[in-house]
Amino acid sequence: MSDSIRIGIADYGNLGRGVEASIARNPDMALVGVFTRRAPAQTRPRAGRAV
């Protein structure tokens, strides 16, 4: 199985940042987007982009 699991994060608070760190440690998962109500300038995801 070579396909990765595509994951989107809804909200980028403490839990969202923890989920992002966990995704980075799993080669079979990929972060595809982050939805947040914050201004994009205040959100700095390590991978993907704020939507």
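**Close-up views of a predicted chain**

**View 1. Arginine 17 lies over the face of tyrosine 12, at 5.5 Å from the ring centre.** A charge counts as sitting over a ring if NZ of Lys or CZ of Arg is within 6 Å of the ring centre and within 35 degrees of the ring normal. The model is predicted: local features need pLDDT of at least 70, side-chain atom pairs count only at pLDDT 80 or more, and totals for chains, interfaces and linings use all residues. Residues are numbered from 1 along each chain as its sequence is written, and side-chain values use heavy atoms, with hydrogens and water left out.

**View 2. The elements of the chain run β-α-β from the N terminus on.** Of the 51 residues in the chain, 29% are buried. Buried means under 20% relative accessible area, exposed over 50%, and partly exposed in between (1.4 Å probe, protein chains only). Among contacts (heavy atoms within 4.5 Å) between residues at least 6 apart in sequence, 52% join residues at least 24 apart.

**View 3. Helix H1 (residues 14–24) has the buried residues Gly16, Glu20, Ala21 and Ile23.** They cover an arc of only 160° around the axis, so they are on the same side of H1. This arc is that of the directions from the helix axis to the C-beta atoms. An α-helix has 3.6 residues a turn, so residues three or four places apart point the same way. Strand S1 (5–10) and S2 are included in what covers the buried residues of H1. The exposed residues Asn14 and Leu15 are carried on the face of H1 turned away from its buried side.

**View 4. Aspartate 11 is found in the loop between S1 and H1.** What is the phi of aspartate 11? Although aspartate 11 is not a glycine, its phi is positive, at about 90°. Most residues other than glycine have a negative phi. Aspartate 11 counts as partly exposed because its relative accessibility is 43%.

**View 5. Arginine 44 is found in the segment after strand S2 (29–35).** With a relative accessible area of 66%, arginine 44 is exposed. Arginine 44 and tyrosine 12 are 32 residues apart in sequence and, C-alpha to C-alpha, 9.3 Å apart in space.

Definitions and conventions. Helices (H or I, at least four residues) and strands (E, at least two) are DSSP runs, numbered from the N terminus.
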